[in-house]
Amino acid sequence: MAEKRPAEDEVDDVKAKKRWQVFAHATSIIKVYVGKDKVDYQVHESVLVQCSWFKKCLSSGMREQQEKKIDLEEDDADDIDILLRWLYGEKEVNVERDILRVASAYNTADKYRLPELQNALIDTARKICVAHRLNPREAMIVWGGAPEGSKLRTLMVNQLHYDICTSSEEYKSEGEKVGPYGRELITLMEEKPDMAHALYWKMHKWANTGNRNRQQTPVNPGTAGACFYHVHVDGKRCA
Ligand SMILES: [Zn+2]
């Protein structure tokens, strides 16, 4: 026997209830306090839980869920600002030409497991490096803050390698003749020997394999394949 169809007013009741549930869920507000100064944000719970880290934090039984409050004392408000804008759907990361801010936000996105934001940020970093020469001192700072083995570290080494190969006069250091980036490269070698080591091997490999007997330039990271510097969870490439 066919199931009895609900009366029209019953259907309306169900719809109204569903609408209310969506509304109630969307308007649940979580207070997020960032940094030592406790810069505060009021964020929709439905937006925050798109990030698995926050979802876990706001799952049943956690103090954060009961108090509707999350403390991110170790983080920087400018990084969390980028992260929250991203969760709210702002997919263009606007940081002008500040590679250090991009790098800091990248590390925060890594901490909160947001690989798509990491990818957007590293694409921004590549664009910055195309528009403005990467300064070895800044590359050194980015390297120091990035996780070991991260794509951001790879980008810094590959970009410096490309810049040195394509504008070597500006990086050389011969007696009194020090190119504008030469002094900074020396500082990098002194202060970040692990990065200098990675750069050395990149250049060695290029000289002995990629560029043997040929006067080519390495691939410009700014024009490398779209996904080359991306993080792909479970090997899934970007759509
Ligand atoms: Zn990708």
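Trainee: Which residues are buried in α8?

Mentor: In α8, those are Pro136, Ala139, Met140, Val142 and Trp143. Seen down the axis of α8, they fall within an arc of 165°, so they line one face of the helix. The arc is taken from the directions that run from the helix axis to the C-beta atoms.

Trainee: And what does buried mean here?

Mentor: A residue is buried if 20 or more other C-beta atoms lie within 10 Å of its own, exposed if 12 or fewer, and partly exposed in between, with C-beta atoms placed from the backbone. Before we go on, this is a predicted model, so local features need pLDDT of at least 70, side-chain atom pairs count only at pLDDT 80 or more, and totals for chains, interfaces and linings use all residues. Residues are numbered from 1 along each chain as its sequence is written.

Trainee: Thanks! How many helices and strands are there in the protein?

Mentor: The protein has 11 helices and five strands. Both are DSSP runs numbered from the N terminus: helices are H or I with at least four residues, strands are E with at least two. Of the 239 residues, 27% count as buried.

Trainee: Let's go to α5. Which of its residues are buried?

Mentor: Helix α5 spans residues 77-87, and Asp79, Ile80, Ile82, Leu83, Trp86 and Leu87 are buried in it. They cover an arc of only 155° around the axis, which puts them on the same side of α5.

Trainee: Why do residues three or four places apart point the same way in an α-helix?

Mentor: Because an α-helix has 3.6 residues a turn.

Trainee: OK, and what do the buried residues of α5 pack against?

Mentor: Their partners are β1 (29-34), α2 (45-48), β3 (69-72), α6 (99-111) and α7 (115-131). Contact here means that the C-beta atoms of two residues, placed from the backbone, lie within 7 Å.

Trainee: At what angle do the axes of α5 and α6 cross?

Mentor: At roughly 65°, and the axes come within 9 Å. That makes α5 roughly perpendicular to α6. The contact is made by Asp78, Asp79, Ile80, Ile82 and Leu83 of α5 and Arg101, Ser104, Ala105, Thr108 and Ala109 of α6. By class, the residues of this contact divide into five nonpolar, two polar and three charged.

Trainee: How are axes, angles and classes set?

Mentor: Axes are lines fitted to C-alpha atoms, for helices over the stretch in contact, and angles run from 0 to 180 degrees between N-to-C directions. Angles under 35 degrees count as roughly parallel, over 145 as roughly antiparallel, 65 to 115 as roughly perpendicular and the rest as oblique. As for classes, Ala, Val, Leu, Ile, Met, Phe, Trp, Tyr, Cys and Pro are nonpolar, Asp, Glu, Lys and Arg are charged, and the others, Gly among them, are polar.

Trainee: Then are α6 and α7 roughly parallel or antiparallel to each other?

Mentor: Their axes come within 9 Å and cross at roughly 165°. α6 and α7 are therefore roughly antiparallel to each other. The contact of α6 with α7 has 10 nonpolar, two polar and one charged residues.

Trainee: What about α6 and α8?

Mentor: Helix α8 covers residues 136-145, and its axis comes within 10 Å of that of α6, crossing at roughly 10°. α6 and α8 are therefore roughly parallel to each other. Ile99, Leu100, Ala103, Ser104 and Asn107 in α6 meet Glu138, Ile141, Val142 and Gly145 in α8.

Trainee: Back to Ala105: which residues does it touch?

Mentor: Leaving out residues up to four places away in sequence, Ala105 touches Asp79, Ile82 and Leu121. Ala105 counts as buried, with 27 C-beta neighbours inside 10 Å. Its C-alpha atom and that of Ile122, 17 residues along the chain, are separated by 9.9 Å.

Trainee: New topic: what is the phi of Lys38?

Mentor: It is positive, about 50°, although Lys38 is not a glycine. Most residues other than glycine have a negative phi. Lys38 lies in the loop between β1 and β2 (39-44). Lys38 is partly exposed, with 13 other C-beta atoms within 10 Å.

Trainee: And where is Lys68 found?

Mentor: Lys68 is in the loop between α4 (63-67) and β3. Its phi is positive too, near 55°.
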